[in-house]
Amino acid sequence: MRSPIVGWLLLAPTLVVLFVFGVLPFLYVLVTGFTEWNAFAADPTARFAGVENYRQLVFDGQFLRSLWNTLRFAFFAVASELVLGYLLAQLFMRNVPFKGFFRTIHTLPLMVAPVAVGATWRLLTIPGLGPLPYYFDSWFGIDYRLGSFVDQAFFTTVVMDVWHWTPLVTLTLLAGLSALPKEPFEQAQIDGANRWQVFWHVTLPMLKPVILTTVFIRMMDALRTVDEVWMLTGGGPGSATRYIGLYIWRVVFPKTDYGYGAAMSLLTLYLTIVLCWLLYAALVARREVARLKSGSA
Amino acid sequence: MRRERPWLTCLFWCVASLVTLFPIYWMFVVSAKSRVELFGRPTFIIRSFFSENYTNTLTDPTFQGYMINSIVVATSNALLVTTLALLATYALSRFRLVGSDNIFFWTITNRMAPPAVFLLPLFLLYTQSFAAGGWKLYDTRLGLILLYCVFNLPFAIWMLKGIVDGIPKELDEAAMVDGASTWQVLLRVIVPLARPGLAVTAILTWVFAWNEYLFAATLTSVHARTITTGLAEFVTVTGTNWGQMAATATITLLPALLFLGLVQRHIVAGLTFGAVKE
């Protein structure tokens, strides 16, 4: 009755679009990474160069510095979001008046265009206009200028990311917390466990899969942050907040050094995957992997 | 059990909400002030609404072009993605296709790759390969509409899969016994029942397409520039007219505010790809 041919026909447009605009570019970049190809060079055609691009990358100080800054950014942002998001999720577990209203407000940053997020934070931090420089100066006597101080620029990008994405962490952890069974908590109460013990021995182990998922999603997104940071600092001062996506897009790309740029993109992708895999291996015990697998099958 | 103090919790939430809203509120304040009012001690109250920032932006022909492009791109993309995703999920849900589980998973991995990886090959493909005669896909609305499918289709398929799976198979089998074709089953049985899900999918897809910046900035130059690239130009080109930049940012942000109430329950599932269900 149901011919598979009709099924494949229904699926065909989706597969074609994903292949032409998703798989094809990926194969293209894979091949380009092994060529020496610069549109402005004396010989502007692609020439096979083996792993030469990758060899250069490993010794490219600018690339490595950018990578290091990206990792620092992702670490500080995701760690703060996790702690803050957990606390807020716990607050949400209690009976709050106007819960729905607070929830709606809390979802707002998730819907805002990253470029607009960067614009709002820029407006907050412009010297002479934004309230942040003004009150930092008049209350604490701190000279707050993103364009001049490396650490201030770095931490402001972290805070902006925390503002933008903590709601996602809160809501995923909230979903995880609401799904936990009640009995282990009651049992712990009976056994006279204190709050810290309940958190460490009951909540945390049960919440682990949700926390892990959240960390992965946030980590992957943080590692590829471009728009917001570009709007806020433009990658500066110097190259302090020129995170890897920004570096590829604003520096390597305009140089039309296609082969080198492709290799850098791929190495970044590869490092992202390795990092996530390492996190996964470090945080999840084997038993839990087995359980997750059987759960999802 | 531990005693709960709802009003203390409520106070915490009020503070958290103020922190969340403050940057957006400040942007609105800046957008409602003239250049003279802006400098010096920050004031958080709007005494008189300085509408020139908005009228300047909205009457600027370049900006109008950006806005039309954004509306056309986001709307076409949302319609295209929702239609294709509906066909695909119907196929995945109702037909026994070899390897359909792998296809479902594969569509999802498409979304996980960092955009920086795709920028370079897409730029080259758009300027050199996807061209015929004098025509190129580069700097066209069509180029953006098709490209955004790569990021939005996986999300839409995931979103609709659960909904189409939830519609009892007996319903479309009964219709088929009555002699309905596949198209008729889709249009008369599936679409009416999946309508709320289709609406949420279309809205979220629309918002994602409206918000996108990196590809719009790389794959367009003049004709197909969108509102987000227009906003970014304020920083790079005319970095001093903050009032007008704030007005533009407010306009960029407006759809998010409008649709917030409708889709807020689904945004987390959408962003985490269903890894976390609410």
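# Terms set against values

Colleague: What makes Asp139(B) count as partly exposed?
Modeller: Asp139(B) has 16 C-beta neighbours inside 10 Å. A residue is buried with 20 or more other C-beta atoms within 10 Å of its own, exposed with 12 or fewer, and partly exposed in between, the C-beta atoms being placed from the backbone. Asp139(B) is therefore partly exposed.

Colleague: What kind of model is this, and how are its parts labelled?
Modeller: It is a predicted model, in which local features need pLDDT of at least 70, side-chain atom pairs count only at pLDDT 80 or more, and totals for chains, interfaces and linings use all residues. Residues are numbered from 1 along each chain as its sequence is written, while chains are lettered from A and ligands numbered from 1 in the order in which they are written.

Colleague: Where does Asp139(B) lie, and what is its phi?
Modeller: Asp139(B) sits in the loop between β2 (135-136) and α7 (141-166) of chain B. Its phi is positive, about 60°, although Asp139(B) is not a glycine. The element names come from DSSP runs numbered from the N terminus (helices are H or I with at least four residues, strands E with at least two).

Colleague: What makes helix α11 of chain A mostly covered?
Modeller: Helix α11 (residues 244-252) has seven buried residues out of its nine. They are Ile244(A), Gly245(A), Leu246(A), Tyr247(A), Ile248(A), Trp249(A) and Val252(A). For the whole chain, 40% of the 297 residues of chain A count as buried; for chain B the figure is 48% of 278 residues.

Colleague: Why are α7(A) and α9(A) called roughly antiparallel?
Modeller: The axes of α7 (residues 150-178) and α9 (residues 195-223) of chain A come within 9 Å and cross at roughly 160°. Axes are lines fitted to C-alpha atoms, for helices over the stretch in contact, with angles from 0 to 180 degrees between N-to-C directions. Angles under 35 degrees count as roughly parallel, over 145 as roughly antiparallel, 65 to 115 as roughly perpendicular and the rest as oblique. The pair is therefore roughly antiparallel.

Colleague: Which residues make the contact of α7(A) with α9(A)?
Modeller: α7(A) contributes Asp161(A), Trp165(A), Val169(A), Thr172(A), Leu173(A), Gly176(A) and Leu177(A), and α9(A) contributes Leu207(A), Val210(A), Thr214(A), Arg218(A) and Ala222(A). Contact here requires C-beta atoms, placed from the backbone, within 7 Å. By class there are seven nonpolar, three polar and two charged residues (nonpolar: Ala, Val, Leu, Ile, Met, Phe, Trp, Tyr, Cys and Pro; charged: Asp, Glu, Lys and Arg; polar: the others, Gly among them).

Colleague: How do you know how α1(A) and α6(B) are oriented to each other?
Modeller: The axes of α1 (residues 4-32) of chain A and α6 (residues 115-129) of chain B come within 8 Å and cross at roughly 95°. α1(A) and α6(B) are therefore roughly perpendicular to each other. Pro25(A), Tyr28(A), Val29(A) and Thr32(A) of α1(A) meet residues of α6(B) including Phe118(B), Pro121(B) and Leu125(B).

Colleague: How many residues of chain A are in contact with chain B?
Modeller: 76 residues of chain A are in contact with 77 residues of chain B. α1(A) supplies the largest share of the chain A side, 16 residues. That side has 53 nonpolar, 18 polar and five charged residues.

Colleague: How is chain B divided into domains, and how many residues of them are in contact?
Modeller: Chain B has domain 1 (1-50) and domain 2 (59-271), with bounds from an automatic or database domain assignment. Their C-alpha centres lie 32 Å apart. Eight residues of domain 1 of chain B are in contact with six residues of domain 2 of chain B. α1(B) gives the most to the domain 1 side, with four residues. The residues of that side divide into four nonpolar, two polar and two charged.

Colleague: How is chain A divided, and where are its domain bounds?
Modeller: Chain A has domain 1 (1-28) and domain 2 (59-272). Their C-alpha centres lie 35 Å apart.

Conventions. Two residues are in contact if their C-beta atoms, placed from the backbone, lie within 7 Å.
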